[in-house]
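Let's take a walk through this one together. Keep the sequence and the 3D view open as you read.

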Amino acid sequence: MTQNQSQPAEPLFTIPGDCGLRGDYSAMAKDWTVEQDWDSYSPAEHDRWRRLYRRQRALITDYAGPAFIKGLTALDCGDEIPRFDLASARLSALTGWRLVAVPGLIPNDIFFGHLAARQFPVCRWLREENELDYLVEPDVFHDFFGHIPLLTDPVFAAFVQAYGQRGLRAKGPRDLELMTRLYWYMVEFGLIQTKAGLRAIGAGLVSSAGELCYSIDSHEPLRLAFDQIRVLRTLYRIDAYQRTYFVLNDFDQLFKSIDAHFHDALETAAHADAIAAGSAIKGDKILSLAG
Ligand code: HBI
Ligand code: FE
């Protein structure tokens, strides 16, 4: 990586239990899944979930894409921390996806393997009271509220599975870094054009109050029309609001980007200079706020 942008420190998954992450990795199955143990959540945690849900739900109507709103409504998860088995029953009836509980971040290849099997890894612990606005590792609110609703959309669900299948074939750290950029900019921080204007689809946006509004309303960040190779070339930061957002026309565009020619796109991006977040280059299709 040439630029000195902070890239995520790859969690060093040496021996479960001492990987330096906050979840309990001591009782995992071979595929790094754990029991959700729904009965262990306290009334205070369910109350915190309700407050997080209400805060984000109040923003979603004006800031999130219609497919996200439709999925969130179908999941009906506002009253308490959702039971993953019940959510899986609803979700699998729609797109064949299920949730698996994990202790937190898991190694790339394990993560890709779950996505390829239409299983979304959902962290089982909920953030603390002093982390309502920001936390370093994804918790159950980020993973469930942020990622699960869009898995009710057949095309987006097909993309995430195809992404997992591609991830399993990624060869070495270079391809892995490019794959992570695609996930970061589209699955975590993607925007989409709608008849009503720009809307957020990224899990990192819809689950966060501040950046959700910033990504749509602010004049600061660069907003570019989605371009597969441009996304793969673009560096990102994990410790601040994004300085570049990519905007989809629709989910078909994203699904088509992970098709048979994806390997060529990886090769092209790998042999081009990385582009700093927030920087525009010749050929960029810059979108104004009006979309
Ligand atoms: N593990 N639990 C969990 N959740 C993630 O989002 C996740 C992960 N491991 C790896 C990973 N994401 C990244 O490699 C993705 O950007 C591909
Ligand atoms: Fe996420």
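What takes the space of the largest pocket? Ligand 1 does. A pocket here is worked out on a 1 Å grid over the protein atoms alone, as an open set of points with protein on both sides within 12 Å along at least five of seven lines.

Some ground rules first. This is a predicted model, where local features need pLDDT of at least 70 and side-chain atom pairs count only at pLDDT 80 or more, while totals for chains, interfaces and linings use all residues. Residues are numbered from 1 along each chain as written, chains are lettered from A and ligands numbered from 1 in written order, and side-chain values use heavy atoms, leaving out hydrogens and water.

Back to ligand 1. Its surroundings include Val-102, Leu-105, Phe-111, Phe-112, Thr-180 and Tyr-183, each with a heavy atom within 4 Å of the ligand. Then come the polar contacts (pairs of N or O atoms within 3.5 Å). A backbone N or O atom of Gly-104 lies 2.9 Å from a ligand nitrogen, and one of Ile-106 is 2.7 Å from a nitrogen of ligand 1. The side chain of Asn-108 puts an N or O atom 2.2 Å from a ligand oxygen.

Now for the rings. Phe-111, Phe-112, Tyr-163 and Tyr-183 are among the members of one aromatic cluster. The structure holds 21 aromatic pairs, counted when ring centres lie within 6.5 Å. One of them joins Tyr-25 and Trp-32 edge-to-face, 6.1 Å centre to centre with 75 degrees between the planes; edge-to-face means over 60 degrees. Both Tyr-25 and Trp-32 are buried, that is, under 20% relative accessible area (1.4 Å probe, protein chains only).

Finally, Arg-83 has its charged end over the ring of Trp-38, 3.5 Å from the centre (CZ of Arg within 6 Å of the ring centre and within 35 degrees of the ring normal).

Notes:
Rings of Phe, Tyr and Trp (its six-membered ring) pair if their centres lie within 6.5 Å; planes under 30 degrees apart count as stacked, over 60 as edge-to-face and the rest as tilted. Buried means under 20% relative accessible area, exposed over 50%, partly exposed in between (1.4 Å probe, protein chains only). A polar contact is a pair of N or O atoms within 3.5 Å; within protein, one must be able to donate a hydrogen and the other to accept it, and residues adjacent in sequence count only if both atoms are side-chain atoms. On a 1 Å grid over the protein atoms alone, a cavity is a set of points where a 1.4 Å probe fits but cannot get out, and a pocket is an open set with protein on both sides within 12 Å along at least five of seven lines; lining residues have an atom within 4 Å of a point. A molecule sits in a cavity or pocket if more than half of its atoms lie within 2 Å of its grid points.
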